[in-house]
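Keep the viewer open and try each task before you read its solution.

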Amino acid sequence: MRIFVAVIFALSGFAPGVSTAQSGIPGWLAAHVGTGEGQIAPVVLERARGLYRDRVRRGQVKNPCYMAMDATRAGGSRRYYTICEAQKVFRAVSSGHGNGRKLQQANFANGRQCARHFSNAEGSKLTMGGDYITAETRTSFKGYIRQSGKLVPFHRTFLLFDGTGETSNARERAIGGHQAVFVKWQCRMQMPQSPYADKEGYVPVGRLVDYTGGRSNGCTTWSGEATREILRLTERRPTTLYIYPEGKDIEAVEKVARAGASVPGNGLYWNNACLREIGAPKFWPKRKLQPVINRWRRSLPKSEPRELPICG
């Protein structure tokens, strides 16, 4: 069914003669289907809807909304989607993709704009496409930052994902969604009254770095506004998230692209602009990449943790 719909819908919309009613997509939502900025590609929507309906049928999801992401699009584009069909709501926001690593044994690093490499290996720092369900949230302290002339603690909330199949190790990989910010530690300050102080009474102090639309360590990342909306939507109400492409999609597109053939002409989908930039995508399955990452980790010299300087 997935392959059939992907061929019918290839790239820019519905095939000639296929009506909105025949496709099963409501008219208001069909207006958002396509490959333009802020639109959702047909195959991505079809799979996201299929996943959502399946989990609703199983009783795993009761949330009226579902989510999807097209990781073949550029990092700065609106490629993360929230869809609430009953309320006729469609939102598209930017989201980061995994940056990967450049190791001596293997180079699977991604550029800022377009992702070429994908993997489900733990420690790969890469995006993995497939089926997910949102789970609980965890909020953690990231450091102190200066705000309006005062030092205040900064916390970031992390929305965990549970996966199946190729994404079943989402928990092991600590894959989820969060705001695209982190605190870059610069120094430590003595603040023994702080609940976050170490045993010597120091707390880390740094500056807030916003990388919205940039690369992540494999997680799904959003702007502050989008994060608040997504957390509100999923709080105590799990829903589905489908991320495109899956391993089989990547391998199929790679084969066609390396042969110099037309990707849409072969019933496949990849964002045109990013495909021109990367040439051909590459999937690194866990069974092949995990041993490489493990060997690299074992080869790292042991070193003492770096101590932050005391704030002046």
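**Exercise 1. Pairing strands**

Which residue in strand 8 is the bridge partner of Leu-159?

Solution, step by step. Before we start, note that this is a predicted model, in which local features need pLDDT of at least 70 and side-chain atom pairs count only at pLDDT 80 or more, while totals for chains, interfaces and linings use all residues. Residues are numbered from 1 along each chain as its sequence is written, and side-chain values use heavy atoms, with hydrogens and water left out.

- Strands (E, at least two residues) and helices (H or I, at least four) are DSSP runs, numbered from the N terminus.
- Two strands pair if DSSP finds at least two bridges between them.
- Strand 8 covers residues 176–179 and pairs with strand 7 in the antiparallel sense over 3 bridges.
- The partner of Leu-159 in strand 8 is Gly-177.

**Exercise 2. A hairpin**

Solution, step by step.

- As an example, Arg-138 has Phe-158 in strand 7 as its bridge partner.
- The hairpin has 2 residues between the strands, and Ser-148 takes a positive phi near 55° there.

**Exercise 3. Disulfides**

Work out how many disulfides a search of the whole structure finds, and describe each one.

Solution, step by step.

- A disulfide is a pair of cysteine sulfur atoms within 2.5 Å, and the search finds 3 of them.
- Take Cys-65 and Cys-84, whose sulfur atoms are 2.0 Å apart. The torsion about their S-S bond is about 105°, so this disulfide is right-handed. Cys-65 is in the loop between helix 4 (42–58) and strand 1 (66–70), and Cys-84 is in strand 2 (residues 78–84), 19 residues apart.
- Now go to Cys-114 and Cys-274, with 2.1 Å from S to S. With -75° about the S-S bond, their link is left-handed. Cys-114 lies in the loop between strand 4 (97–98) and strand 5 (117–119) and Cys-274 in helix 8 (residues 272–278), so the pair ties together parts that are 160 residues apart in sequence.
- Finish with Cys-187 and Cys-311, whose sulfur atoms are 2.0 Å apart. The torsion is about 90°, so this disulfide is right-handed. Cys-187 is in strand 9 (residues 181–190) and Cys-311 in the segment after helix 9 (286–299), 124 residues apart.
- Number the bonded cysteines in sequence order, and the pairing reads 1-2, 3-5, 4-6.

**Exercise 4. Buried or exposed?**

Is Cys-274 buried or exposed? Decide this for some other residues too.

Solution, step by step.

- Buried means under 20% relative accessible area, exposed over 50%, and partly exposed in between (1.4 Å probe, protein chains only).
- Cys-274 has 1% relative accessibility, so Cys-274 counts as buried.
- Cys-311, at 16%, is buried, and Cys-187 counts as buried at 14%.
- Cys-219 counts as buried as well, at 9%.
- Helix 6 (residues 224–234) has several buried residues, including Ala-226, Thr-227, Ile-230 and Leu-231.
- Just after helix 6, look for Arg-236, which takes a positive phi of about 55°.
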